[in-house]
Amino acid sequence: MPKVFARRAIALAAAAFEFDAIDLELRSLKQIPLRGIDARRAAGLASAADGIATRAEADRRPDKAAAAALLASRAWQRAGNKTAAAQSAARHDALLQAK
């Protein structure tokens with residue numbers, strides 16, 4: 001539930017002020033040390049990063065989408081979900097090739 005509130009707060013602030021919500025969310029997630037969190041929290045971080053990647057792709061921002069997909073892959077690895085990690089890594093690679 002706190003993730004939802006944080007996303008809404010960032011979206012509302014981005015609407016009221018001029019700043020890049022995708023960049024802010026991605027930078028915030030990158031500050032979380034993956035080695036310091038458990039598998040459940042890593043999965044939550046991965047899910048959030050995947051969501052950012054999707055939004056960045058929709059906004060035609062392949063650089064941010066690729067960065068978010070890479071973060072998602074690493075977080076899925078930390079969470080122990082090899083399938084999701086491989087999917088995020090493949091998404092990252094495809095985004096880099098499309099640039």
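Predicted model: local features only at pLDDT ≥ 70, side-chain atom pairs only at ≥ 80, totals over all residues.
Residues are numbered from 1 along each chain as its sequence is written, and side-chain values use heavy atoms, with hydrogens and water left out.

The protein chain contains 5 helices and 0 strands, arranged from the N terminus as α-α-α-α-α. Helices (H or I, at least four residues) and strands (E, at least two) are DSSP runs, numbered from the N terminus. Of the 99 residues in the protein chain, 34% are buried; buried denotes under 20% relative accessible area, exposed over 50%, and partly exposed the range in between (1.4 Å probe, protein chains only). Among contacts (heavy atoms within 4.5 Å) in the protein chain with a separation of 6 or more, 59% are due to residues 24 or more positions apart.

Two packed helices are described by the angle between their axes and the distance between the axes. For helix α4 (residues 62-79) and helix α5 (residues 82-98), the axes come within 8 Å and cross at roughly 160°. The axes are lines fitted to C-alpha atoms, for helices over the stretch in contact, and angles run from 0 to 180 degrees between N-to-C directions. Helices α4 and α5 are therefore roughly antiparallel to each other; angles over 145 degrees count as roughly antiparallel, under 35 as roughly parallel, 65 to 115 as roughly perpendicular and the rest as oblique. On the α4 side, the residues that meet α5 include Pro62, Leu70, Trp76 and Gln77, and the α5 partners include Ala84, Arg91 and His92. By class, this contact of α4 with α5 has 12 nonpolar, 4 polar and 1 charged residues. Ala, Val, Leu, Ile, Met, Phe, Trp, Tyr, Cys and Pro count as nonpolar, Asp, Glu, Lys and Arg as charged, and the others, Gly among them, as polar.

Ser73 is located in helix α4 and counts as buried, at 4% relative accessibility. Beyond its neighbours within four places in sequence, Ser73 is in contact with Ala85, Ser88 and Ala89. Ala66, also placed in helix α4, counts as buried at 4% relative accessibility. Residues up to four places away in sequence aside, Ala66 touches His92, Leu95 and Leu96. Ala66 and Ala53 are 13 residues apart along the chain, and their C-alpha atoms are separated by 6.9 Å.

Helix α5 also packs with α3, at an angle of about 25° and with the axes 12 Å apart. Helices α3 and α5 are therefore roughly parallel to each other, and their crossing is left-handed. In this pair, Asp50, Ala53, Thr54 and Glu57 of α3 meet Ser88, Arg91 and Leu95 of α5. The contact of α3 with α5 comprises 2 nonpolar, 2 polar and 3 charged residues. Ser47 lies in helix α3 (residues 39-58) and, at 42% relative accessibility, counts as partly exposed. The C-alpha atoms of Ser47 and Ala72 are 6.9 Å apart in space, with the two residues 25 apart in sequence.

Key
Left-handed = near helix turned anticlockwise from the far one by under 90°.
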